[in-house]
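This report describes a single-chain model. The sequence and structure come before the text.

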Amino acid sequence: DEVLGAGADASFKDKIYIKINDYIKSAKLVLIVSHNSNYILNNCSKIIWLDKGEVKEVGGSEVITDYLESLR
């Protein structure tokens, strides 16, 4: 996730996203750690919400909804 953060230009980000998607298609398991909820929603089949090293919730898109709600 950090490589896609501030300072990365759009062309570089596109190349990285393509490479990550190639890994996702060819691997049995890919672990993505990110703060980019849109990317997670579009590319992950299971979402795990961690808070201070503890698993708060496991599931689908509802995990992101619950996480964002907790920030309010």
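## Basis

The model is predicted: local features need pLDDT of at least 70 and side-chain atom pairs count only at pLDDT 80 or more, while totals for chains, interfaces and linings use all residues. Residues are numbered from 1 along each chain as its sequence is written, and side-chain values use heavy atoms, with hydrogens and water left out.

## Chain overview

The chain holds three helices and two strands, in the order α-α-β-β-α from the N terminus. Helices (H or I, at least four residues) and strands (E, at least two) are DSSP runs, numbered from the N terminus.

Among contacts (heavy atoms within 4.5 Å) between residues at least 6 apart in sequence, 12% join residues at least 24 apart.

## Hairpin

Strands S1 (residues 47-51) and S2 (residues 54-59) run antiparallel and are joined by five bridges; pairing requires at least two DSSP bridges between two strands. Trp49 has Glu57 in S2 as its bridge partner. Two residues separate S1 and S2 in this hairpin, and Lys52 in the turn has a positive phi of about 55°.

## Exposed leucine

Leu50 belongs to strand S1. Leu50 counts as exposed because its relative accessibility is 55%.

Methods. Buried means under 20% relative accessible area, exposed over 50%, partly exposed in between (1.4 Å probe, protein chains only).
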